[in-house]
Amino acid sequence: MDAWRYEPTADFDQAPIQRLKNFPRQPDLLVYGVRTVAHAVIRGLMRVWHRLEISGREHLPADESFILVANHGSHLDAPALLGALPLKKIHRAFPAAASDYFFTNISRLVFSAVVINAMPFDRKENPRQSLDVCRQLLEAPGHILILFPEGTRTLDGELGRFKPGIGFLVAGSNIPVVPCYLDGAHRAWPKGKWIPRPRKLRLTIGAPLRFADKQAVKEEAVAIADSLRDAVLALRQSP
Amino acid sequence: MNSAALENPVFRGYLFVLAGILAVAGALIALLRFVFRKNVDHAWKAYRGWLIMIPITFAALYFGRETTILFFTLLALAAFTEFARATGLYRDWGMTGVALVGIAAVGVVSFMNEPDSTTKGWYGMLMALPVYVVAAILMIPILRDRAKGQLQPIALALLGFIYMGWMFGHMAFLANARNAYGYLLFLLFAVPLCDVSAFTFGKIFGRHKFRPNVSPNKTWEGAIGALAVSMAFPWLVRFSFPELGTRELLLAGIIVGIGGQLGDLSISVIKRDIGIKDMGALIEGHGGVLDRVDSLIYVAPLFFHMVRYFQGLQ
C-alpha cells in the first residue's frame, strides 16, 4: 500500500484576508458557494431593477479562453458582463479590477475577490506585471478575462480612449477578443452616487476579433486598442 | 439559558475573574515592556488574541442558548475546514461538503427539541448522527464509481467529522443543560488553564521529555503539574456546579487534566505527520481555530457524558 500523501492547500497557513489578496486564488468551497448564490441574486436584481437585456450571446466562444472588452460606465459593468456567462463559468471569469481601488479596503477587497472574482490589476506602478498575469491566466483553457481598457469609469458617459496595454496583451496571440457595449450603466449609477437607480441596461456582445498577425510593438498595440474601441463603439450605434 | 446572564452568579463570577486576569496580564505585559524594556512582541500578540476571543465567547454565551449553539457550531465548521485544508482533503469537495453538512446538522439537532417533548436538544439524533454521516461518506466513491485513492479521503473525512465536528459539537449541545453556564464556562476556563499549567511547570521544572516524537517541548514535569492543577481546579470553582459530588469533581479533574493534554498531543500527531506547525492563521499569535480548541475537542464529550451519566443534563 502506498504511503498517504498529505498536500496542504497552498495557502493554508495564511489568514483569510491574505488568501483573498493572492492571485491566482486557490479554489475554495465556501467562496464558490457564496459567489454562486450572490450571482443568482444579482442576476435576479439586474433583471428586475435594471431590466437587463443581453443580446449576442452566440458570439461567446464555447470552450477556449477569451477576453471580453467593454466600456466602463459604472460598478454595474462587471456584474452585468458576468451575467452574460453561464453561472458555472463565473468562477473562471476574472474581471480585472484596479488594485489601488478594489484591493486596498477590506470590505471592497472581500466583495471583489469573493463575489466578483476580480483579478487585481496594478494600473499605476506596474501594469506590465499585471499584463503578464493576464497572459498566464489566458494560457489555461476555459478562462475568461474581462477588461475595461479605458482604465477607469467614464465621467460623462462618453467612451474614453483605450489604453494600449490590451494591444500588447493580444498582439501575436490567437486569443479571441469579444467586444461588448453596455448601455445605460453610466446613467444608472454615475460615479459618486451611493446606490444604482432603476435605469434600463442593454448589453450587446459583438463578434470576436483576433490579432495573431500583429506584433507587440507600441504602434501596433495602439492600433489594436483603437480598433477594439471602434468595435465597441459600433455596437453602440446598432442597437 | 436566557439573557438574564448577568443575574446568574456563575456567569458573573467567571466574567469578573476573566476580566481581572486580562487586566492583570495586560498590566504585566505593559510593565515588562515599558519599565523593564523587555521584548514582549510574542506575549502581546497572544494577549491581543485573547482580548478578542474572550469577549466574543462571553457575548455568545450571554445572548443565550441559540447563540451559544451557533457559536460552537461555527467553531466546529472552522476547525474542520482547517483540518481539511491542512490534510489536502479540501480538494475533495464532495467529502468536504458532506462532512460540513453533517457538522451543521450537529448544530441543528442541538437546537431542536426532543420529538414530542419540550426537552431542549434532540439527544437521540445527536448520538445517531455519525451513522448517517458515515453512510453518506461511504456512498460518495460509489456514486463516483471510483476506487483508486478513495480510502484516504474517506478516512480523513470520517476523522474530521467525528472528531472536529461531532465530538466538539458536544459543546454546542451542552448549551441545553440546566446548568449550561456552569459546565461551559468551567470547560472554557479549565482546559486552557491545563495548557498553561503544562507550559509553566515544564518551563520551570522540566527535565524529562514526555513524548519527544510527537511534541518535543512537552515534559513529564509539565504534564504532572498540569494534571495536579486540573485536579484541584474543580474544587476551586465549585460554585459553578453545586450539584456535582466528590466523585464527579474528581472525574472532571482527571478528564480535563489528562484529556486536555491528550487532545493537544492528538492534534500534534496530525500536524507532525503532515509536517506543519499550525493548522491555520485565523487568530494572530495563536495559529488556527484548531490550534486553540485542540484540547477542548477531546475533553468536551468526555465531560459531557460523565455529567450526563451521573446527573443528567436537564
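Modeller: Start with strand pairing: two strands pair if DSSP finds at least two bridges between them. Helices (H or I, at least four residues) and strands (E, at least two) are themselves DSSP runs, numbered from the N terminus. The model is predicted, so local features need pLDDT of at least 70 and side-chain atom pairs count only at pLDDT 80 or more, while totals for chains, interfaces and linings use all residues. Residues are numbered from 1 along each chain as its sequence is written, and chains are lettered from A and ligands numbered from 1 in the order in which they are written.

Biologist: In which order do the 7 strands of the open sheet in chain A stand?
Modeller: The pairing in this sheet is mixed. Neighbouring strands are turned by 25° against each other on average, direction ignored. Here axes are lines fitted to C-alpha atoms, for helices over the stretch in contact, and angles run from 0 to 180 degrees between N-to-C directions. The order is β1-β7-β6-β2-β5-β3-β4.

Biologist: Which strands of chain A stand at the edges of the sheet?
Modeller: Look for strands with a single partner strand. One side of each such strand is left without a neighbour in the sheet, so these are the edges: β1 and β4 (119–121) of chain A.

Biologist: In what sense do β3(A) and β5(A) pair?
Modeller: The two are joined over 3 bridges. Pro95(A) stands opposite Ile146(A) in β5(A). The sense is parallel.

Biologist: Which residue is the bridge partner of Ala98(A) in β4(A)?
Modeller: Strand β3 (residues 93–98) of chain A runs parallel to β4(A), with 3 bridges between them. Ala97(A) stands opposite Pro120(A) there. For Ala98(A), the partner is Phe121(A).

Biologist: Is Asn117(A), with its C-beta neighbours inside 10 Å, buried or exposed?
Modeller: Asn117(A) sits in the loop between α5 (106–116) and β4 of chain A. Its phi is positive, about 65°, although it is not a glycine. It has 23 C-beta neighbours inside 10 Å, so it counts as buried.

Biologist: What is the omega of the cis peptide bond between Phe23(A) and Pro24(A)?
Modeller: Pro24(A) lies in the loop between α1 (16–21) and α2 (29–49) of chain A. Most residues other than glycine have a negative phi, and most peptide bonds are trans. For this cis bond, omega is about -5°.

Biologist: Are α7(B) and α9(B) roughly parallel or roughly perpendicular?
Modeller: α7(B) packs against helix α9 (residues 246–274) of chain B at about 75°, with their axes 9 Å apart. Angles under 35 degrees count as roughly parallel, over 145 as roughly antiparallel, 65 to 115 as roughly perpendicular and the rest as oblique. The helices are therefore roughly perpendicular.

Biologist: How many residues of domain 3 of chain B are in contact with domain 2 of chain B?
Modeller: An automatic or database domain assignment sets the bounds: domain 1 (1–63), domain 2 (88–171) and domain 3 (177–314). The centres of domains 2 and 3, taken over C-alpha atoms, are 25 Å apart. Two residues are in contact if their C-beta atoms, placed from the backbone, lie within 7 Å. Domain 2 gives 7 residues, and domain 3 gives 8.

Biologist: Which elements give two or more residues to the side of chain B that touches chain A?
Modeller: Contact involves 15 residues of chain B and 11 of chain A. On the chain B side, the elements are α3 (65–87) and α4 (93–111).

Conventions. A residue is buried if 20 or more other C-beta atoms lie within 10 Å of its own, exposed if 12 or fewer, and partly exposed in between; C-beta atoms are placed from the backbone.
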